[in-house]
Amino acid sequence: MSEPTLRADLMISGATLITMDATRQVIEDGALAIAGDRIIAVGKREALARTVQAQTVFDGRRFVITPGFVDAHIHITGDPLTRGFARGAPDESWSDKLMRWVIPIFRAQTAEDERLAAQCAALAMIRYGTTTFVEAGTVLQLDAVMQGLSETGIRGRVGEWVEGRAYDPGADQAKASAAAIRILESEVERYPDAGGEARLAAWPLLVGHSTNSDEVWRAAKVLADDRGLRVSAHMSPRSGDPDWFLARYNRRPLEHLADIGVLGESVMLTHLADIDASELDLLVQSGAGAIHCPHAALQGGFGLAHIGLFPEMLDRGVDVMLGTDGMAADILASGRLMASLFRDARRDQDLFPATAVLEMATVMPARAMGMSHLIGSLEAGKKADFVLHDTDLPEWGSVFDVVGQLAFSAPSGGVHSVWIDGVRVLEDGRATLIDEEKVRADARQAGRDLIARTGLPNRTPWPIR
Ligand SMILES: [Zn+2]
């Protein structure tokens with residue numbers, strides 16, 4: 001008998017592991033050992049029992065373990081405090097609602113509001129097994145948000161709001177671009193990514209659409225390429241962006257981005273519902289990633305099922321990622337919705353199989369984010385970011401096809417525990433690092449105060465007495 005050779009802080013023993021490694025091994029009666037912030041061994045329970053000496057052994061027999069999921073597009077401030085507030089009147093257009101309601105509420109946030117909102121978003125994500133997120137580049141007070149996030153234990157990439165386009169014809173475009181670029185440079189300097197090692201870091205995240213000048217796009221791309229970061233931006237949820245780029249440049253949005261040299265592997269674009277065949281070719285050739293937020297597409301009426309080319313993106317090797325856009329914390333639900341809507345639209349039940357749903361939530365975003373050496377799979381050497389899904393629930397029944405069941409029928413509330421960076425941040429469905437009750441109570445009060453400051457009336461569809 002050989003002596004144990006590896007010392008672990010913790011070993012979870014007897015679980016079913018969906019490793020998401022290169023051969024997509026699923027290990028029944030498996031074990032996972034961690035030391036510090038890393039996974040140090042993954043394998044059959046019996047094998048690890050012989051080779052790993054763990055300080056603590058955790059009985060994992062009723063759990064399925066997956067790598068932590070990635071929400072590749074979420075707005076973590078604003079909405080979390082005021083989600084329930086009725087914005088606008090039914091007869092107002094989408095842009096009227098945005099200008100008269102959404103933006104004034106967003107702009108009325110204090111630093112403390114944003115800090116609380118970010119904590120609520122992080123707690124909600126963790127509850128559904130998301131361990132890493134990419135924010136949409138819409139944070140106003142980055143320092144407060146980073147401070148709030150650090151207390152939750154989540155891994156994330158966040159960006160400050162920049163608006164580098166001077167819309168007013170009389171305004172100074174060079175000055176607007178320079179101000180935006182200064183913000184991007186400052187944030188990546190203050191919150192370095194450290195080769196992906198930093199739990200929280202800033203990336204040059206652009207709001208996208210038509211909000212930034214070519215100079216800002218180029219500067220963001222250079223920052224990302226020089227430092228191993230990613231640029232992320234909204235683009236083409238509906239025809240508004242193509243119309244704008246065609247009117248201004250006589251090119252569609254991805255054609256224009258390719259023309260100015262900013263479409264590449266370090267770029268991840270969100271929505272891309274309204275793209276044409278030539279833009280799909282550019283996406284494939286450039287290696288840029290595509291993020292799909294089905295809740296936003298369906299509720300926003302993007303027409304995605306009619307015109308979207310996401311099955312083609314997947315077929316042609318584009319890294320397709322899932323985002324919640326802040327509309328629902330449940331990232332697996334985003335995958336289910338994406339699969340369902342394209343299967344229905346194309347009358348093809350084989351589109352987006354369970355394996356693709358899990359890949360879009362783990363390995364694909366890890367690769368697109370340049371972080372596949374650290375996250376996305378359960379393998380020795382990677383960050384100890386993983387999720388325990390509880391199968392001792394009526395929705396699971398007998399486990400015959402763990403991948404299919406997890407992807408399509410396991411309950412959303414079935415996440416029992418979550419580890420990030422080797423720290424257990426969720427235990428039996430409850431946050432371990434911060435006082436959830438206090439965050440919720442403070443967030444409710446902050447939401448009421450925020451709406452009161454705007455003076456906007458709460459126009460619910462039915463009268464409340
Ligand atoms: Zn968004």
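User: How many helices and strands does the protein have?
Analyst: The secondary structure comes to 18 helices and 18 strands. Keep in mind that this is a predicted model.

User: What radius of gyration does the protein have, and what would a compact globule have?
Analyst: The protein has 22 Å. A compact globule with 465 residues would be near 23 Å, so the two agree. Along its principal axes, the C-alpha trace spans about 80 × 55 × 45 Å.

User: What share of the residues is buried?
Analyst: Buried residues make up 50% of the 465.

User: And the largest nonpolar core, how many residues has it?
Analyst: It has 144 residues. Leu32, Ala33, Ile65 and Met321 have the most contacts inside it. Helix H4, residues 111-127, gives the most to this core, with 9 residues.

User: Where does this core lie?
Analyst: Between domain 1 (6-67 + 377-430) and domain 2 (69-368), because both give residues to it.

User: Back to Ala33. Which residues is it in contact with, leaving aside neighbours within four places in sequence?
Analyst: Among them are Leu6, Ala8, Met11, Ile40 and Val52.

User: New topic: the open sheet of 4 strands. What is the order?
Analyst: S6-S7-S8-S9, with parallel pairing.

User: Which strands stand at the edges?
Analyst: S6 (69-74) and S9 (200-202). Each has a single partner strand, so one side of each is left without a neighbour in the sheet. On average, neighbouring strands of this sheet are turned by 10° against each other, direction ignored.

User: How many bridges join S7 to S8?
Analyst: There are 3, between residues 130-135 of S7 and residues 155-158 of S8. Thr132 stands opposite Arg155 in S8.

Methods
Residues are numbered from 1 along each chain as its sequence is written. This is a predicted model: local features need pLDDT of at least 70, side-chain atom pairs count only at pLDDT 80 or more; totals for chains, interfaces and linings use all residues. Helices (H or I, at least four residues) and strands (E, at least two) are DSSP runs, numbered from the N terminus. The radius of gyration is taken over C-alpha atoms; the globule rule is 2.2 Å times the number of residues to the power 0.38. A residue is buried if 20 or more other C-beta atoms lie within 10 Å of its own, exposed if 12 or fewer, and partly exposed in between; C-beta atoms are placed from the backbone. A nonpolar core is a set of buried Ala, Val, Leu, Ile, Met, Phe, Trp, Tyr and Cys residues joined through C-beta atoms within 7 Å. Domain bounds come from an automatic or database domain assignment. Two residues are in contact if their C-beta atoms, placed from the backbone, lie within 7 Å. Two strands pair if DSSP finds at least two bridges between them. Axes are lines fitted to C-alpha atoms, for helices over the stretch in contact, and angles run from 0 to 180 degrees between N-to-C directions.
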